[in-house]
Amino acid sequence: MNQTRLDLYTDYLTVTFGYATATGLSQLLDGEISHDAISRFLSGDEYTSKDLWKQVKKTVREVESADGILIIDDTVQEKPYMDENDLICWHYDHCKGRNIKGINLLNCLYHSNGASIPVAFELIRKPFRFCDIKTRQEKRCSDVTKNEQMRSMIDTCIQNQLKFSWVLNDIWFASAENMEHIKEKRQKDFIMALKSNRLVALSEKDRKENRYTRLDQLAWTEQKAITGYLKGLTFPVKLARQIFTNKDGSTGILYLVCSQLAVEWDEITTTYQKRWKVEVFHKSLKSNAAFAKSPAHTAKTQANHLFASIVAVFKMECLTISKHLNHFALRAKLYAKAIRGAFDELQVLRAA
């Protein structure tokens with residue numbers, strides 16, 4: 001890895017407010033480095049989650065703690081006008097409730113001592129093509145599922161001797177197989193959101209006799225967790241229901257499952273709130289690090305640009321720790337400086 005080139009490019013992603021191009025960076029450096037050299041950097045070896053760990057390891061060791069949290073989630077960035085390839089293709093967007101053309105990133109964020117650091121990532125690729133029998137349209141698929149990649153990320157974090165106690169994720173990763181993997185195979189605890197139609201038995205006897213009830217049909221007591229057996233699991237779990245009010249005034253219900261039987265409703269809901277850190281990370285990635293603002297055309301250059309965007313957000317998190325300003329406040333400060341510099345230059349031009 002050319003660390004000098006990576007540092008230059010990630011800093012450029014942090015300060016640019018438009019499209020991130022090799023020509024733009026070269027001009028910023030007054031031609032000190034040619035745009036061809038930057039293009040060669042992006043089209044060189046493809047950077048992976050292993051390379052990300054090398055970038056963040058030192059900082060992680062400084063902030064990690066035994067009660068650290070792994071937060072796993074994916075996000076889709078729409079790229080409707082780019083040519084389709086294995087990386088930029090059609091993915092299901094849970095927020096929009098439909099398939100969109102773009103990039104699908106699976107991210108693993110480590111949260112400890114107030115810092116949120118990306119420690120692993122996977123770009124979802126769909127290299128295999130097939131014909132849908134019903135629609136007779138060509139579609140793409142991956143050779144590995146996101147749930148398999150999630151479990152692989154957790155295993156990698158354990159191999160890297162990362163200290164953590166909890167794994168948090170939303171409904172889309174709350175499969176029984178993932179729960180068994182985290183609790184039984186890796187001896188870690190989890191808190192996951194559940195769909196209201198998940199089935200639960202309230203006793204060992206009910207489980208053995210296959211008597212299950214939907215979560216939304218249980219007799220819930222407010223702010224109290226209950227113990228039960230989710231269908232498909234061999235161990236008991238704690239279940240909690242949280243009622244909240246949306247921005248539009250409507251009421252929502254969140255069902256949570258926790259593998260730690262000693263905790264109660266307050267701790268379950270408070271701990272799960274930290275899952276929001278990954279949403280903030282994704283927002284910063286898209287807004288503050290030019291995640292989608294690259295005209296790169298090949299899958300490799302696109303992937304390396306996305307890797308650099310993740311590193312750029314990590315470097316902003318380091319500044320957040322030292323300067324006590326969030327990512328958006330830091331960007332606002334940079335923007336104010338840029339406007340001031342442009343204003344001063346305009347006065348010089350007029351005076352001339």
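## Charge

The chain has 51 positive and 42 negative side chains. Lys and Arg count as positive, Asp and Glu as negative, while His and the chain ends are not counted. The centres of the two sets lie 1 Å apart. For this, the place of a charge is taken as NZ of Lys, CZ of Arg, CG of Asp or CD of Glu.

This is a predicted model: local features need pLDDT of at least 70, side-chain atom pairs count only at pLDDT 80 or more, and totals for chains, interfaces and linings use all residues. Residues are numbered from 1 along each chain as its sequence is written, and side-chain values use heavy atoms, with hydrogens and water left out.

## The whole chain

The secondary structure comes to eleven helices and 13 strands. Helices (H or I, at least four residues) and strands (E, at least two) are DSSP runs, numbered from the N terminus. Along the principal axes, the C-alpha atoms fill a box of roughly 85 × 50 × 45 Å.

Of the 352 residues, 47% count as buried. Buried means under 20% relative accessible area, exposed means over 50%, and partly exposed is in between (1.4 Å probe, protein chains only). The accessible surface comes to about 18500 Å². Carbon and sulfur atoms hold 51% of this surface. Such areas come from the Shrake-Rupley method with a 1.4 Å probe; for residues, only the protein chains shown count as cover.

Take the contacts (heavy atoms within 4.5 Å) between residues at least 6 apart in sequence: 63% of them join residues at least 24 apart.

## The nonpolar core

The largest nonpolar core has 91 residues. A nonpolar core is a set of buried Ala, Val, Leu, Ile, Met, Phe, Trp, Tyr and Cys residues joined through side-chain atoms within 4.5 Å. Helix α10 (residues 299-323) gives the largest share of this core, nine residues.

Tyr9, Val119 and Met179 have the most contacts inside the core. What does Tyr9 touch, leaving aside its neighbours within four places in sequence? The list is Ala20, Leu25, Ile38, Phe41, Leu42, His305 and Ala308.

## Asn169 and Arg275

Asn169 sits in strand β7 (residues 166-169). Its relative accessible area is 0%, so Asn169 is buried. Beyond four places in sequence, Asn169 contacts Ile72, Met150, Ala174, Ile191, Met192, Ala193, Tyr272 and Arg275.

Arg275 lies in the loop between α8 (265-272) and α9 (276-288). Arg275 is buried because its relative accessible area is 10%. Not counting residues up to four places away, Arg275 touches Ile71, Asp73, Leu168, Asn169 and Asp170. A polar contact of 3.1 Å also joins the side chains of Arg275 and Glu279. A polar contact is a pair of N or O atoms within 3.5 Å; within protein, one must be able to donate a hydrogen and the other to accept it, and residues adjacent in sequence count only if both atoms are side-chain atoms.

Thr16 is in the loop between α1 (3-15) and α2 (22-28). Is Thr16 buried or exposed? Thr16 counts as buried, because its relative accessibility is 13%. A polar atom of the Thr16 side chain lies 3.3 Å from the backbone nitrogen of Gly18.

Leaving aside neighbours within four places, Thr16 contacts Ala290 and Arg331. Thr16 and Arg331 are 315 residues apart in sequence, yet their C-alpha atoms are 9.8 Å apart in space. Ala290 belongs to the loop between α9 and α10. With a relative accessible area of 5%, Ala290 is buried. Phi of Ala290 is near 50 degrees, a positive value in a residue other than glycine.

## Asp30

Asp30 is found in the loop between α2 and α3 (35-42). Phi of Asp30 is near 55 degrees, again a positive value in a residue other than glycine. Asp30 has a relative accessible area of 72%, so Asp30 is exposed.

## Glu222

Glu222 is in the loop between β10 (213-214) and β11 (226-230). Glu222 counts as partly exposed because its relative accessibility is 47%.

Which residues does Glu222 touch, not counting those up to four places away in sequence? They are Arg241 and Ile243. The side chains of Glu222 and Arg241 are joined by a polar contact of 2.6 Å. Glu222 and Ile243 are 21 residues apart in sequence and 8.7 Å apart in space, C-alpha to C-alpha.
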